[in-house]
Amino acid sequence: MAKIKVVTIGRRFCTGGSEIGKMVAEKLGVKCYDRELVEKAAELVGVSMADVAKHEESMMNWLKTPITRFGQPELTLAEKIFAAESELILDICSTESCVIVGRCADHILKNKVKTLSVFITASLDKRIHTATERLDIDYDDVEEKLKKYDQNS
């Protein structure tokens, strides 16, 4: 059996996936990629991080892609960002072992790189606590925001 080259960490919002990814990377002596992938993808696409924040980690629904008059699909901003992140992930994994948090890395790397993929979740109560304490999300809005993030990821 080939040695695992990449650990991918999928997670639900407010479950500590980023922190766990950093700890795993430190234990393995490799780099952890998370938010910087989004920043590099935004740079490649030529958009601001504010624009990226509106669209990142949303589901790519290719059926909703508009068709241009030439019959070629017009990519949405979310799709352009996903394509740039995918390219970055494949480039990184071709040269080094690492931990990647989110960004659909498990899907992108499937059948391309020997990968261990894990998914982090937590109870709703723990997620609410994390959202209100660490992210200062108002308690009255937190359940709705968590449901929204779960639907989009």
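Trainee: In which helix is the place of glutamate 144?
Mentor: This is a predicted model, in which local features need pLDDT of at least 70 and side-chain atom pairs count only at pLDDT 80 or more, whereas totals for chains, interfaces and linings use all residues. Residues are numbered from 1 along each chain as its sequence is written, and side-chain values use heavy atoms, without hydrogens and water. With helices taken as DSSP runs (H or I, at least four residues; strands are E, at least two) numbered from the N terminus, glutamate 144 belongs to helix 7.

Trainee: Is glutamate 144 buried or exposed?
Mentor: Buried means under 20% relative accessible area, exposed over 50%, and partly exposed in between (1.4 Å probe, protein chains only). Since glutamate 144 has 63% relative accessibility, this residue counts as exposed.

Trainee: Which two residues form the aromatic pair that is stacked?
Mentor: Rings of Phe, Tyr and Trp (its six-membered ring) pair if their centres lie within 6.5 Å, with planes under 30 degrees apart stacked, over 60 edge-to-face and the rest tilted. The count by this rule is 1 aromatic pair. Its rings stand 3.8 Å centre to centre with 15° between the planes, and they belong to phenylalanine 13 and tyrosine 149.

Trainee: How many residues apart in sequence are the parts that the pair ties together?
Mentor: Phenylalanine 13, partly exposed at 23% relative accessible area, sits in the loop between strand 1 (6-11) and helix 1 (17-28). Tyrosine 149, partly exposed at 43%, lies in helix 7 (residues 139-152), so the separation of the parts tied together is 136 residues.

Trainee: Which residue with a positive phi follows helix 6?
Mentor: Helix 6 covers residues 124-134, and its buried residues are Arg127, Ile128, Thr130, Ala131 and Thr132. After helix 6, a positive phi, near 55°, is found at aspartate 136.
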